[in-house]
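The following explanation is intended to be read with the sequence and the coordinates at hand.

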Amino acid sequence: MIGQALSAGKYAAFVWPAYGVSVLGFAWMIVDTLARAHRWRRRVDRLERSKEP
Amino acid sequence: MFSALANPLRFMAFSRWAAPLLGVLATGLIGSGLWLGLNAPPDYQQGETVKIMFIHVPAAWTSMLAYACLGGASFVSLVFRHALADAAAKAVAPLGAAFTAIALITGSLWGRPMWGAWWVWGDARLVSVLVLLLLFVGYMALRASIDDEARGARAAEILALVGLINLPIVKFSVEWWNTLHQGESIMRAGGSTLAPVYLTPLLLAGAGYAAAFGALWLERIRAEVWRRRATSLALRAALA
């Protein structure tokens, strides 16, 4: 099953770069989204803590 | 449901569990779709390049879904002046650009062995999807280029609404013009012409891409809500 899944014959030079681009695209979207959410959430927490007397 | 979620507090409570749930769903759907797709037999015409279809077509569908969301959020923001709709519009543009770029690059990698060309300027489908990418990039650039955030948002949202005209052009380009790109084979009158051995993994991957888009969009809206909250808190602290 794995052998068949990974077999792209003479088109491997086109198939695997296409999968590579998709993986990179998803990786960028996930990392950028989570980093952005983490950064702003931490900033809000810090500002709210500094507001407390 | 949408009016309930228009309240930022309710939206944050909802998206806190909905985003990870959609992420898990996306992982399962994309994983099973790609596993079935990669193990499907080579197509009698396309050979093993048919494996590119399971990542190219869902990316193209999701890019159009993302633009419809950008248009919808921009409309609500412009007409009702709703801050969460504006945050949603701002959050969706980078995702839409990424999915469109993936669709264009994977399509090009399929086109080279099948058509003998990486790109064909005379093909209406290819050019209209490139215009879609330029609309996403233009939206982000216009928004970022105006110092006044509210004015930048208005200008970008008008551009997004004008760009909605491109969606039917992308969808029907293969019917309205003679294109190298193959015609509609899935969502067509009379049913799909695709064999079930390809159609099932394609639909699974398509649903997975949509779920991944939903998860990422919700999380980016949350980040934008926090950014605005941080800006407002910092301003209040500076004035105190």
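Which residues in α4(B) meet which residues in α5(B)? The model in which this is examined is a predicted one. On the α4(B) side, the contact is made by B:Lys90, B:Ala93, B:Pro94, B:Gly96, B:Ala97, B:Thr100, B:Ala101, B:Ala103 and B:Leu104. On the α5(B) side, their counterparts are B:Val129, B:Leu130, B:Leu132, B:Leu133, B:Phe136, B:Val137, B:Tyr139, B:Met140 and B:Arg143.

The geometry of the pair may now be considered. Two packed helices are described by the angle between their axes and by the distance between those axes. In chain B, helix α4 spans residues 83-115 and helix α5 spans residues 124-145; the two pack at an angle of about 150 degrees, and their axes are 9 Å apart. Angles over 145 degrees count as roughly antiparallel, and α4(B) and α5(B) are therefore roughly antiparallel to each other. The crossing in which α4(B) passes α5(B) is left-handed.

Along the sequence, chain B accordingly reads α-α-α-α-α-α-α-α. Its C-alpha atoms fill a box of roughly 70 × 35 × 30 Å along the principal axes. Of the 240 residues in chain B, 44% are buried. When contacts in chain B between residues at least 6 apart in sequence are considered, 74% of them join residues at least 24 apart.

Chain A likewise lacks strands, with two helices and zero strands. For its 53 residues the globule rule gives 10 Å, whereas the radius of gyration of chain A is 21 Å, well over that value, so chain A is more spread out than a compact globule. The box filled by the C-alpha atoms of chain A, taken along the principal axes, is roughly 70 × 20 × 5 Å. Buried residues account for 25% of the 53 residues of chain A.

It remains to consider how the two chains meet. Their contact takes 28 residues from chain A and 31 residues from chain B. Within chain A, α1 (2-5) and α2 (12-51) each supply at least two residues of the side that touches chain B. The largest share of that side, 21 residues, comes from α2(A). The side of chain A that touches chain B divides into 17 nonpolar, seven polar and four charged residues.

Terms used: Residues are numbered from 1 along each chain as its sequence is written. Chains are lettered from A and ligands numbered from 1 in the order in which they are written. This is a predicted model: local features need pLDDT of at least 70, side-chain atom pairs count only at pLDDT 80 or more; totals for chains, interfaces and linings use all residues. Axes are lines fitted to C-alpha atoms, for helices over the stretch in contact, and angles run from 0 to 180 degrees between N-to-C directions. Helices (H or I, at least four residues) and strands (E, at least two) are DSSP runs, numbered from the N terminus. Angles under 35 degrees count as roughly parallel, over 145 as roughly antiparallel, 65 to 115 as roughly perpendicular and the rest as oblique. A crossing is left-handed if the near helix is turned anticlockwise from the far one by less than a right angle, and right-handed if clockwise. Two residues are in contact if their C-beta atoms, placed from the backbone, lie within 7 Å. Ala, Val, Leu, Ile, Met, Phe, Trp, Tyr, Cys and Pro count as nonpolar, Asp, Glu, Lys and Arg as charged, and the others, Gly among them, as polar. The radius of gyration is taken over C-alpha atoms; the globule rule is 2.2 Å times the number of residues to the power 0.38. A residue is buried if 20 or more other C-beta atoms lie within 10 Å of its own, exposed if 12 or fewer, and partly exposed in between; C-beta atoms are placed from the backbone.
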